[in-house]
Amino acid sequence: MGIESFVENNLCRDRKQFYKDLDSNGLKIMGNKNITPMIADFTEYSPLHNGHLFCMNEAKRLHPECLFVAIIPGLFERNGRGLPYILTRQKRAELAIKVGADIAVEGPPMGIMGSGQYSLCLSLMFKALNADYIPRGYISNDPKFKIILNYINNGKGVAPKPYKIISMEDKKVLLEGKLSNDDYVIVSLAKSLTKLNFDFKNKFIFIPRLENVSGTKIREMVSKNEFNKLDDMLPIETINMLEKEIEANHAPLHDVRATKTLLDNVNNLSRDELSNLALMDDSTVSNILDNRPFDNIDEILNNITYGFSSHKKQRILSVLEAGIFKDEIHKYINNYPQKIRILGYKNKDILNQFKNNINNNLIGDNGKICQ
């Protein structure tokens with residue numbers, strides 16, 4: 001099977017899973033304390049590099065009594081910037097377990113949501129797991145950003161506004177300017193957790209990001225097959241996994257789209273259907289209708305309007321691939337998470353400890369919590 005067919009098949013599988021989840025009720029949270037404390041870490045692992053490993057090991061060193069749960073973004077295999085992941089979530093989960101995670105669970109479908117929506121879903125997952133600790137790497141050395149981290153450590157909500165960060169408590173401006181993506185995620189999570197009334201005081205573990213480790217550079221080198229230049233940035237487990245998946249024609253996926261489905265959707269969906277897709281704007285819909293049929297992705301990109309986010313065009317491509325409508329996204333979020341979908345675990349004893357925790361804290365649709 002070619003890599004394009006592999007991506008198309010994965011998209012088809014994930015659409016079926018999305019609609020099955022859409023018809024399920026959300027988990028009911030009991031609010032009970034975990035029997036075994038848990039570190040819950042959201043990370044994309046695209047791919048898992050030494051920065052991710054450093055963050056994991058630091059969190060485990062600080063709290064060796066905890067289970068380490070890796071929340072790995074799931075359906076449609078697209079990140080919050082709308083770009084494909086380098087490996088499937090199943091393989092990213094397998095890697096996380098190989099290097100030290102105890103459990104890997106599936107996170108939300110980030111690529112078809114707005115940033116506030118997937119931040120809310122991540123926060124709902126943290127709440128469902130009743131996370132005792134949440135590790136987050138950060139980049140900024142600005143003293144004012146350290147003030148924001150202190151606010152969050154004290155359990156106070158902060159909120160991102162255009163080119164500033166404010167306190168949700170008294171609306172005080174804490175920082176002027178724009179944050180990097182990683183630092184923005186911290187602020188967005190604090191806002192969402194505050195809205196959910198989740199007490200995160202002293203739960204975040206803030207870890208300075210390792211220098212000279214770049215996911216973008218890693219993906220560029222993998223595309224060029226320059227594995228000899230990756231030893232300083234990737235653990236050997238990641239290198240071995242990438243080489244194995246490339247040999248099977250299942251990687252690298254970060255430059256591959258479901259082109260057949262994408263072109264079919266953009267050329268055949270009606271005006272109403274295009275308008276009702278998640279994240280879609282009216283100008284882009286008009287451009288598509290005026291200029292179709294399209295023969296390739298570059299033609300589509302030229303007809304997607306620019307937006308406040310520099311990632312808008314790639315996110316719209318992901319929306320056109322998946323073909324999920326706005327009302328479906330809202331229903332999905334209202335019931336999220338519908339299941340705790342386990343992607344991998346270290347051993348049966350660890351799995352039982354994890355299940356004891358969630359069975360103690362969650363009630364599922366028809367009694368089903370895990371999958």
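Helices (H or I, at least four residues) and strands (E, at least two) are DSSP runs, numbered from the N terminus.

The model is predicted: local features need pLDDT of at least 70, side-chain atom pairs count only at pLDDT 80 or more, and totals for chains, interfaces and linings use all residues. Residues are numbered from 1 along each chain as its sequence is written, and side-chain values use heavy atoms, with hydrogens and water left out.

**Around α13.** The buried residues of α13 include K312, R315, L317, L320 and E321. Next, display what covers them; among the covering elements are α1 (3-22), α4, α9 (259-268) and α12 (297-301). After α13 comes G323, which has a positive phi near 65°.

**The largest nonpolar core.** Now select L129, L320, I340 and F354, the residues with the most contacts inside the largest nonpolar core, which has 89 residues. Helix α4 (residues 115-129) supplies the largest share of this core, 8 residues. A nonpolar core is a set of buried Ala, Val, Leu, Ile, Met, Phe, Trp, Tyr and Cys residues joined through side-chain atoms within 4.5 Å. In soluble globular proteins, nonpolar side chains tend to be buried together.

Which residues are in contact with F354, leaving aside its neighbours within four places in sequence? They are M38, L67, V69, I103, V105, L129, I340 and I342, where contact means heavy atoms within 4.5 Å. A second, separate core has 35 residues, including L53, I205, F227 and L242.

**Helices α4 and α14.** Show α4 together with helix α14 (residues 326-334): their axes come within 10 Å and cross at roughly 20°. Axes are lines fitted to C-alpha atoms, for helices over the stretch in contact, and angles run from 0 to 180 degrees between N-to-C directions.

To see where the two helices meet, select Q117, L120, C121 and L124 in α4 with I329, H330 and I333 in α14. By class, this contact has 5 nonpolar, 2 polar and no charged residues. Ala, Val, Leu, Ile, Met, Phe, Trp, Tyr, Cys and Pro count as nonpolar, Asp, Glu, Lys and Arg as charged, and the others, Gly among them, as polar.

Move to the loop between α8 (236-247) and α9, which holds P252. A cis peptide bond joins A251 to P252, with omega about -10°. N249 also lies in the loop between α8 and α9; N249 has a positive phi of about 65° although it is not a glycine.

Then select P337, in the loop between α14 and β10 (342-345). The peptide bond from Y336 to P337 is cis, with omega near -10°.

Finally, go to Y45, in the loop between β2 (38-42) and α2 (50-62). Y45 is not a glycine, yet has a positive phi of about 55°. Is Y45 buried or exposed? Y45 is buried, with a relative accessible area of 1%, whereas N249 is partly exposed, at 33%.

How values were computed
Buried < 20%, exposed > 50% of the residue type's maximum accessible area, 1.4 Å probe, protein only.
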